[in-house]
Amino acid sequence: MTTATLGGMPAITYNFAYLDEQTKRMIRRAILKAIAVPGYQVPFAAREMPMPYGWGTGGVQVTAAVLGPDDVLKVIDQGADDTTNAVAIRGFFEKTAGVATTTATTEATVIQTRHRIPETPLRDDQILVYQVPIPEPLRFLEPRETETRQMHALEEYGLMHVKLYEDIARHGHIATTYAYPVEVAGRYVMDPSPIPKFDNPKMDDCPALQLFGAGREKRIYAIPPHTRVRSLDFEDHPFEVQRFAQPCALCAARGVYLDEVILDDRGGRMFVCSDTDYCESRQAAGHRGEMAPPDAALPQPVSPRGEDATRVSDDASSDLSASARGRPAGAGAGAGTGAGTGAGGTEAGHD
Amino acid sequence: MYVAAKGGERAIRNAHALLAKRRRGNRALPALTLDQIAQQLSLAVDRVMAEGSLYDVELASLSVKQARGDLIEAIFLIRAFRTTLPRFGASQPVDTAAMLVRRRVSATYKDLPGGQLLGPTFDYTHRLLDTSLVGDIGAPTAEIGGAEPADMPRVTDLLGEEGLIESAPADDGAEPFDITRAPVTFPVDRPTRLQTLARGDEGYLLALGYSTQRGYARSHPFVGEIRVGDVEVKLFVEELGFEVSLGTVQVTECQMVNQFKGSAEVPPQFTRGYGLVFGQSERKAMAMALVERALRWKELGEEPGAPAQDEEFVLSHCDNVQATGFVEHLKLPHYVDFQAELDLVRRMRAEHEAELKEAAE
Amino acid sequence: MTEQPLLIAETLGKNYGARIGCRDVALEVYPGEVLAVVGESGSGKSTLLGLLSTELEPSAGRVSYRLRDGSLRDLATLGAAERRLLMRTDWGFVRQNPADGLRMAVSAGGNVGERLMAVGRRHYGDIRTEALDWLGRVEIAADRIDDDPRSFSGGMRQRLQIARNLVTRPRLVFMDEPTGGLDVSVQARLLDLVRSLVSEMGLAVIIVTHDLAVARLLSHRMVVMRQGRVIETGLTDQVLDDPREPYTQLLVSSVLAA
């Protein structure tokens with residue numbers, strides 16, 4: 001129970017995990033229906049949340065509805081626990097629900113994520129909650145909900161394959177790299193949220209319950225534990241995941257998803273694990289990549305996130321300065337070999 | 001070796017502290033009071049209440065202050081607070097015919113029962129900057145005439161008696177669909193359409209309403225009537241067996257009268273476009289009425305094709321809290337997806353280069 | 001012709017408010033038979049085509065169709081899923097305006113391949129081979145397979161539409177003024193193509209046209225419509241050479257005079 005006081009006004013109090021119990025029950029009913037019909041988008045009366053639409057309101061509502069006082073919550077964004085939005089959402093639940101939080105995937109019972117699935121395999125006592133911006137996989141082929149609803153109902157997914165066909169005809173391969181559509185339990189085609197397609201195989205036969213919440217679009221969908229999840233493809237152009245030519249520069253992991261970090265303006269760059277918890281645990285266990293700091297420099301787990309990117313000046317005359325250290329968005333133009341995404345297996349191995 | 005600093009939490013804390021500092025501005029100046037905002041920026045407060053879907057002048061004033069005058073941010077604050085409020089029930093329909101009218105104009109009749117009442121309006125002012133407002137000029141005096149509440153029947157009711165306008169949809173007594181408590185699926189019914197428009201963004205509806213006047217779903221609109229004033233909100237309490245007054249809210253109502261040629265079944269008559277919003281916002285109420293009318297093309301057997309007629313498009317994009325959230329979420333990190341695209345572009349460039357080389361050989 | 005009809009319409013009618021679209025139409029189409037529906041604009045022939053293809057809901061009467069398993073089904077009793085399946089497998093619909101029947105932003109190969117993918121084909125190479133084969137059959141050069149129809153001429157678009165419809169080897173194809181808006185020389189080439197495909201594949205076709213020359217060239221039987229009713233029906237040559245109804249006589253003589 002949290003209390004905020006307004007000058008001269010009565011104090012405002014909030015329920016456990018912000019939402020009132022009626023609302024949580026409504027969301028749980030939607031979740032149950034979603035589990036009963038895997039991959040089907042269940043409309044639900046998403047509430048306005050104290051964070052903006054598109055910033056995880058769907059995931060937050062699902063988390064709020066499934067969270068109990070004994071749960072241990074982990075929140076990641078882009079695979080990292082310390083990105084600003086993950087920090088903000090974790091802080092929200094610490095404040096409104098008082099639950100324990102963690103950055104360790106193995107310790108968490110509920111993991112809310114944006115854009116990644118942890119590298120550490122999930123267990124059957126865990127729930128993975130995805131934040132979803134656009135739940136409709138057919139949206140960019142057919143913008144009308146009245147139409148797409150009918151297409152799902154009649155299992156008319158030919159158009160989806162036309163898109164994949166066009167990719168191959170034009171580029172020689174399927175050019176979708178994230179939010180890659182999947183077929184769930186042999187029936188519904190589903191948007192896995194904008195995770196890289198690298199993570200798609202992790203959804204298949206996953207022991208954990210996977211829940212997807214889209215707040216602005218007011219939809220919840222689910223993949224029950226151990227459900228068949230198949231990425232759409234052609235027999236002669238099978239689904240493939242990205243593969244990186246080099247291991248993580250910090251923990252030497254292979255077969256994991258890597259982020260590219262620009263080191264200087266002379267084309268220097270390094271590739272490090274996108275999953276910070278995974279990377280840190282490996283470093284703590286003694287794995288060393290070629291650019292890893294020596295043991296002595298590890299007073300605590302080190303993150304390559306570059307979180308001081310949003311550095312704040314207290315000087316009243318200057319504004320928020322966003323210095324471009326850390327994860328730059330404009331790294332594309334540079335030369336360099338980068339990560340090869342050649343043909344290959346779909347396994348996210350752990351060496 | 002590469003070591004990056006960790007500092008997400010601290011950075012956020014500092015940013016918020018800086019925001020608080022900027023909000024307050026120069027401490028040599030007195031802080032704004034909520035009363036000042038409510039009294040002197042009342043139209044901003046009205047807009048926040050209308051699009052925030054919560055009638056509370058004090059909270060709306062607070063949100064305007066907290067949002068540093070960013071009204072969409074203020075609306076967002078109100079919406080997030082509104083979410084946490086329990087719902088007691090649905091009020092009885094407010095009776096705008098029984099409104100305590102502060103302003104009432106009709107463009108269709110020069111004079112009408114109850115008369116025209118200009119009230120507080122920017123209309124007919126010269127838009128010249130008034131430097132006398134720089135200081136505190138004290139309270140200006142205005143002669144308030146026609147104070148005794150006259151009987152003011154609605155213009156559409158007068159037209160309706162002659163059968164010249166389609167009859168108002170009958171109240172079936174059922175509790176209307178509540179867009180804040182149930183998911184909307186298309187196509188929508190009238191209550192859903194009106195609610196969505198009533199909390200829709202003023203600027204968005206203004207542009208769409210304007211487009212209907214410029215020929216994109218032209219409906220030959222006349223302002224039958226705009227009235228602004230206080231209406232009583234009543235709740236029927238099951239346990240008591242009678243209605244209880246909860247107080248009054250200020251609303252603006254616009255009844256647009258539009259041309260209709262008639263069809264095989266229906267003789268030519270006027271049709272309605274309806275707008276109703278919290279507070280005084282004639283612009284919003286009028287734009288809402290135009291868009292509402294345009295969205296009714298199907299039931300009136302009109303030709304579709306204009307943006308303002310497209311129900312899914314209009315209603316799915318009119319909420320500014322949703323819109324601003326999704327547009328601004330592009331600020332969030334997207335480097336995982338970007339990495340995937342980066343790989344793809346590099347690969348396609350390499351293939352392209354190889355093809356060029358091959359072609360050259 | 002086999003003895004059992006493929007499609008049967010009985011007392012079929014459609015009203016638009018007080019206006020009559022068509023009324024009391026009865027007809028049968030047999031496998032492999034080409035039936036032309038002719039009449040002036042406003043005669044109700046397009047309404048009839050809409051009713052037969054279930055795109056319009058009848059105000060009266062019914063349409064029955066013999067499914068591949070041999071059973072005759074009232075189309076109104078088919079579920080939406082069954083009907084859509086029928087439309088993308090067993091039926092084809094060639095529209096007057098190719099933009100209504102093609103995906104203009106999708107390549108020619110994708111346009112032809114869509115129906116194959118819609119019925120579950122998942123081998124890119126096979127789909128492409130079949131698309132290439134069909135482009136060849138409708139005389140579109142193989143190197144245009146990855147171009148989209150926006151860069152095609154009117155005649156090419158229409159031929160692409162035909163390929164897109166025939167790729168699933170339907171048994172019944174509806175055509176709505178397929179040569180409308182094309183140059184005379186382009187029309188002749190298209191009609192030749194349609195005629196050879198129809199006989200080669202043993203297709204049943206219901207073709208709506210205002211052009212009696214088209215009806216003569218393509219159809220075995222024809223139906224003449226006026227003011228929403230069928231006023232004359234018979235073998236095409238018979239009707240054109242020896243029209244019985246005064247209206248048909250007028251229609252035929254006006255064409256011959258032109």
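Helix α5(B) has nine buried positions to look at, listed here by name: L71(B), A74(B), I75(B), F76(B), L77(B), I78(B), R79(B), A80(B) and T83(B). The model is a predicted one. Charged R79(B) is thus on the buried list, and so is polar T83(B). What covers these residues? Helices α3, α4 (57-66) and α11 (320-328) of chain B are included in the cover.

α5(B) has 13 residues and reaches 18 Å from its first C-alpha to its last. That is close to the 18 Å expected at 1.5 Å a residue.

Now step back to the domains. Chain B is divided into domain 1, residues 13-83, and domain 2, made of 88-121 + 184-343. Their C-alpha centres lie 25 Å apart. The contact between them takes twelve residues from domain 1 of chain B and 13 residues from domain 2 of chain B. On the domain 1 side, α3 (42-52) and α5 (71-83) of chain B each supply at least two residues. Which helix gives the largest share of that side? It is α3(B), with six residues. By class, the domain 1 side that touches domain 2 of chain B holds seven nonpolar residues, one polar residue and four charged ones.

Next, the cores. In soluble globular proteins, nonpolar side chains tend to be buried together. Here the largest nonpolar core has 196 residues. I31(A), V291(B) and V37(C) have the most contacts inside this core. Helix α9 of chain B, residues 282-295, gives the most to the core, with nine residues.

Another core lies apart from the largest one.

How many helices and strands does chain A have? There are seven helices and 16 strands. Chain A has 351 residues, of which 52% count as buried. Its contacts also reach along the sequence. Among contacts in chain A with a separation of 6 or more, 62% join residues 24 or more positions apart.

Technical notes. Residues numbered from 1 in each chain as written. Chains lettered and ligands numbered in written order. Predicted model: local features only at pLDDT ≥ 70, side-chain atom pairs only at ≥ 80, totals over all residues. Domains from an automatic or database assignment. Contact = placed C-beta atoms within 7 Å. Helix = DSSP H or I, 4+ residues; strand = E, 2+ residues; numbered from the N terminus. Core = buried A, V, L, I, M, F, W, Y, C linked by C-beta atoms within 7 Å. Buried ≥ 20, exposed ≤ 12 C-beta atoms within 10 Å, placed from the backbone. Expected span 1.5 Å × (residues − 1).
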